[in-house]
Amino acid sequence: MPVYSMTGYATAQQDVATPEVGGDAKSSATTRFGLEIRAVNSRFLDLSFRLPEELRQHEPALRELLTAKLKRGKVEVRAALEQEGGDGLKEPTTRQLQKLNAIQDQVRAWLPQATPLSVADVIRLGGSDTHTLLPSAEEVQALAAKVVKELLSARQREGARLSTMLQDRIGQLRALAAQATPLVPQLVEQQRQRFLERWKEAMNLTEGSTLPEAAQDRALSEATAFAIRIDVAEEITRLDSHLDELERLLGKGGELGKRLDFLIQELHREANTLGSKSAALELTRISVDMKVLIEQMREQVQNIE
């Protein structure tokens, strides 16, 4: 299965033919029905709808469609109806003009100071009775299915990009872990030599002199204790295990955002422990570089469904 991002956008429109009242085939108007879906990241599936009152009845069906296709994300659905006519201007009928005049006379009889209707008011109000053909439930569902399909395609493309980026960071983390592994034996040997040198200075021994057996045993004990204290083999092993699981999940795809987020937390914990055990600047640098990469991964994982 592909990896899906929670971020995406899709839109589509369709025209519904609407014959004008008393008109002919040449003087037809159209109602344009538009639908758009925006989606961003969220912990859960959060749907919101902004529909004209004429389309409110379709919200349950739209919600059911989106719930079946999406698992997580903050999703906003917008719909719009726009009527367009070939003439571009609706001419009020005689009946409409008479009705407007009668209403104006009635209002001014009670409110003499009321402003008379302007030409713009008459044109606007006179066209309000124009019949607008609404899309059927089947047309709404068909257009919604098309937009959801495009949204899923957009989320899949973004998910593929995120997966590629995560795979790259996984490779960099493995390289850093490989750099840290041979440092521990080197540090242990350096600590042992350091202890022996301090013992020689304390005993005022010259070059070529033999150290007492007790001193050698003490140096070995100190080196062993130091090795236990700075040993990061366990952290490196767990880190590699988490990276293997990340790669497996990315290869599997599907709904994996929450599991990836948990693994990122575990990676951060291992990088912190490695830094706390650091006995050299090189290990500290590796720990810091790891945490930078892991933080970059965390930001991107937040967008995966």
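This passage describes the secondary structure, the salt bridges, the last helix and a surface patch of a predicted protein model.

The secondary structure of the protein comprises 9 helices and 4 strands. Read from the N terminus, the elements follow the order β-β-β-α-β-α-α-α-α-α-α-α-α. Of the 305 residues in the protein, 35% are buried.

Side chains of opposite charge can pair when their charged atoms come close. The structure contains 22 salt bridges. One of them joins the side chains of E36 and R78, with an N to O distance of 3.9 Å. Because E36 belongs to strand β2 (residues 28-40) and R78 to strand β4 (residues 73-85), this pair ties together parts that lie 42 residues apart in sequence. The two partners fall into separate classes of accessibility. E36 has a relative accessibility of 16% and therefore counts as buried, the cut-off being under 20%. R78, at 31% relative accessibility, counts as partly exposed.

D46 is partly exposed, its relative accessible area being 33%. K74 also counts as partly exposed, with a relative accessibility of 43%.

A further salt bridge is found within a helix. The side chains of E59 and R63 meet at an N to O distance of 3.2 Å. Both residues lie in helix α1 (residues 59-69), where they are 4 residues apart, or about one turn of the helix. An α-helix has 3.6 residues a turn, so residues three or four places apart point the same way. E59 counts as buried at 19% relative accessibility, whereas R63 counts as partly exposed at 34%. Some salt bridges share partners, and these join E36, R38, R50, E76 and R78 into one network.

Helix α9 spans residues 281-301 and has 21 residues. From its first C-alpha to its last, α9 reaches 30 Å, which is close to the 30 Å expected at 1.5 Å a residue. The buried residues of α9 are L283, I286, S287, M290, L293, I294, M297 and V301. These residues lie on the same side of α9, because they cover an arc of only 135 degrees around the axis.

The segment after α9 contains E305. With a relative accessibility of 6%, E305 counts as buried. The side chain of E305 makes a polar contact with the side chain of R155, at 2.7 Å.

On the surface, a nonpolar patch is formed by I103, V107, W110 and L111. Together, these four residues have about 460 Å² of accessible area. L111 is placed in the loop between α2 (94-110) and α3 (119-126).

How values were computed. Residues numbered from 1 in each chain as written. Predicted model: local features only at pLDDT ≥ 70, side-chain atom pairs only at ≥ 80, totals over all residues. Heavy atoms only, no water. Patch = residues over 30% accessible without salt bridge, like charges linked within 9 Å, V, L, I, M, F, W, Y side chains within 5 Å. Areas by Shrake-Rupley, 256 points an atom, 1.4 Å probe, with all protein chains shown as cover. Helix = DSSP H or I, 4+ residues; strand = E, 2+ residues; numbered from the N terminus. Expected span 1.5 Å × (residues − 1). Buried < 20%, exposed > 50% of the residue type's maximum accessible area, 1.4 Å probe, protein only. Arc of directions from axis to C-beta. Polar contact = N/O pair within 3.5 Å; in protein donor to acceptor, adjacent residues only side chain to side chain.
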